[in-house]
Amino acid sequence: MTFRWSRWSPQLALMPAGLVTLVAFIGAILWTIYLSLTRSRRLPEYEIDWSDWGRQYERLFKDDAWMISLQNLIVLGFGSALAIVFGFILAAMIDREKRGESLFRTVFLYPLAISLIVTGAAWRWIFNPELGAEHFIHSIGLTWVNASWLARPETAMYGVILASVWQSAGFYMALMLAGLKSINSEIWSAARLDGVGLFKLYTEIIIPMMKFTFVTCAILLSLGVIKAYDVIVAMTNGGPGQSTYVPAYFTIQALSAKGNLGFASAAAVVMLLITAVIFLPLVLLTAWQQRRSGARG
Amino acid sequence: MTDLTATQKALGAEVAVRSAPYFPRKKKAITGRSIAVLAFLAICALFFCIPLYVVITTSFKTMDQIREGAMFALPNVWTLEAWDHAWNTACSGTRCEGLKVGFWNSVSILIPSLALSIGLSIVTGYALALWNVKWAGPFLFVLFICAFVPFQIIMFPLISMTATLKVYGSIWGVAIIHAVLAMPVLTLIFRNYYKDIPQEIMSAAIMDSGSFWKIFFEIILPMSGNILIVVLILQITSIWNDYLIGVTFGGLGAQPMTVNLANLITISTGTVRYNDNMAAALLTAIPPLVIYFFVGKLFVQGITAGAIKG
């Protein structure tokens, strides 16, 4: 009896998770894909006009706000990539210097513990056009500086990028630091004996050695950028105008504010496709790494 | 990878320098370049601290002083007025009962969310790692993919389902969604931890007439202290900091603190009280910050595990 139970219990114990995966993930994704083919507006409709199944997608790519969202996604992606560069520089310096390591780590990582709504609130206040940093900078005589980035459509995205870099640089620093520490310490003395310059050492030896860490960071960053929503809500609410719309914000806006279900579903499907494009290299990379470590062990 | 070994290494290097003074490398590094590096790091640290400094000082200022526009000045008079407003009377939407409503909502969301999400994933991770289960491989792969699915693609179906189950807009609705969305990542974390348990222990336990649940509660759970605390911290901070799930599934009755805060800073009719806003932001940030400053190492372990293994 016990034996049989021990045979069946694991399967039973997996039922809830299996059910969740089947219903809340796979089922829900298929449901949304289906809805994106219908003419649903506020309430779901389940009739598909097969002669015109792509109409929501056509509308989507004719929508100005969606095109702005896609542009901003790319801008935000490249802008946030600064967090990786910044994180690597910080990690390299901390790793070489060693003194004050735990203090610097604590300082660089604390933004990660805070909600993005709080981060957005803080930066929104710093960028305040009347009373914020700009007022201070002008008051010390630098009147030509424009620091109320969020108030202008051309610069609002840069404000969002600054806040995102501030928030996530510490995270990439932590990943890079772990990567740097796994590098054999003999390389440093070997390079010194060979008279290799510090810059050359990093660009030609250390960074190529850490390419796996860099690729991981890049993929995590891209996935984070697609999900960017909270920081937009807290800092700009998509404005001024629609200048800081991103796909995540656009989709939720289409669903909750405009109440346009079919349209929002089409946007969500495109988001899923973008995620898949980024995700594929990660799967391949993991498989490659597993094979490598398997071969080594 | 842990900090302990890193500091030990650092200490070791330090000792080596002292016992071998003829070794020129470290000695040289203590001067010039070392100071430049430390200076650069200190400037970066300053940049990281500016927002926190501005938020803290603003929250203690009076509105009169804020209107003068000296953002980086210290408060002339330190006052707790803004904190009182933020906690007791700040408006979120049409209700003006302060952030305390959201705070207690967040607390009551946190407890069932933690229980559901950790309970579900620890059992799943255990079953997948230590028992012979059909389809374990493909199931793990699907979970790995689910961990990265954007929320928007499952948002409407989940709203429909919670509405059908009559939990939409309640604490339980938010908690269930937290558990569902955290399940893939947490399961992978637990499974990665348990898969290193030697097969001999499991064989011995099964021989000892241990059943699935008996082994779980008597052997596995007592061994899981480390990973449980890491996951617990990861979950507490991510549930507390969540905005999207709270605003989507909280309806009007179960809005967490972040939603209150977002309403306060974005929808401001009339004169905006920046000191109230900043006090509210700090109130929302304090619980995770306290956790971070006390058990930062575990927090970092949690987010890196969640990011890489997820």
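Biologist: Which domains does the assignment give chain B?
Modeller: Domain 1 (3-78) and domain 2 (100-308). Those bounds come from an automatic or database domain assignment. This is a predicted model, in which local features need pLDDT of at least 70, side-chain atom pairs count only at pLDDT 80 or more, and totals for chains, interfaces and linings use all residues. Residues are numbered from 1 along each chain as its sequence is written, and chains are lettered from A and ligands numbered from 1 in the order in which they are written.

Biologist: How many residues does each domain put into the contact?
Modeller: Eight residues come from domain 1 of chain B and eight residues from domain 2 of chain B. Two residues are in contact if their C-beta atoms, placed from the backbone, lie within 7 Å.

Biologist: Which helices supply the domain 1 side?
Modeller: Helix 3 (32-60) and helix 4 (63-67) of chain B each supply at least two residues of the side that touches domain 2 of chain B. The largest share, four residues, is from helix 3 of chain B. Helices (H or I, at least four residues) and strands (E, at least two) are DSSP runs, numbered from the N terminus.

Biologist: And by class?
Modeller: That side of domain 1 of chain B has four nonpolar, two polar and two charged residues. Ala, Val, Leu, Ile, Met, Phe, Trp, Tyr, Cys and Pro count as nonpolar, Asp, Glu, Lys and Arg as charged, and the others, Gly among them, as polar.

Biologist: How many helices and strands in chain B?
Modeller: Chain B has 15 helices and zero strands. Of its 310 residues, 42% count as buried. A residue is buried if 20 or more other C-beta atoms lie within 10 Å of its own, exposed if 12 or fewer, and partly exposed in between, with C-beta atoms placed from the backbone.

Biologist: Which residues touch the most other members of the largest nonpolar core?
Modeller: Ala267(A), Tyr126(B), Leu261(B) and Ala281(B), in a core of 171 residues. Helix 9 (residues 171-194) of chain B gives the most to this core, 18 residues. Both domain 1 (3-78) and domain 2 (100-308) of chain B give residues to the core, so it lies between them. A nonpolar core is a set of buried Ala, Val, Leu, Ile, Met, Phe, Trp, Tyr and Cys residues joined through C-beta atoms within 7 Å.

Biologist: What is Ala267(A) in contact with?
Modeller: Leaving aside neighbours within four places in sequence, Ala267(A) is in contact with Leu60(A), Trp66(A), Pro247(A), Phe250(A), Thr251(A) and Ala254(A).

Biologist: Now the chain contact. How many residues from chain B and chain A?
Modeller: 75 residues from chain B and 80 residues from chain A. On the chain B side, helix 15 (residues 274-308) gives the largest share, 16 residues. The chain B side divides into 57 nonpolar, 16 polar and two charged residues.

Biologist: At what angle do helix 5 of chain A and helix 3 of chain B pack?
Modeller: Helix 5 (residues 116-126) of chain A and helix 3 of chain B pack at about 80 degrees, with their axes 10 Å apart. That makes the helix 5 of chain A roughly perpendicular to helix 3 of chain B. Axes are lines fitted to C-alpha atoms, for helices over the stretch in contact, and angles run from 0 to 180 degrees between N-to-C directions. Angles under 35 degrees count as roughly parallel, over 145 as roughly antiparallel, 65 to 115 as roughly perpendicular and the rest as oblique.

Biologist: Which residues meet there?
Modeller: Ala122(A), Trp123(A), Trp125(A) and Ile126(A) meet Pro51(B), Val54(B), Val55(B) and Thr58(B). The contact has seven nonpolar, one polar and no charged residues.

Biologist: Take Leu272(A). Buried or exposed?
Modeller: Leu272(A) counts as buried, because 21 C-beta neighbours lie inside 10 Å. Leu272(A) lies in helix 13 (residues 261-296) of chain A. Beyond neighbours within four places in sequence, Leu272(A) is in contact with Val149(B), Pro150(B) and Ile153(B).

Biologist: And Ala287(A), buried or exposed?
Modeller: Ala287(A) is exposed, with 10 other C-beta atoms within 10 Å. Ala287(A) is also found in helix 13 of chain A.

Biologist: Where is Lys166(B)?
Modeller: Lys166(B) is in the loop between helix 8 (152-164) and helix 9 of chain B. Phi of Lys166(B) is near 60 degrees, a positive value in a residue other than glycine.
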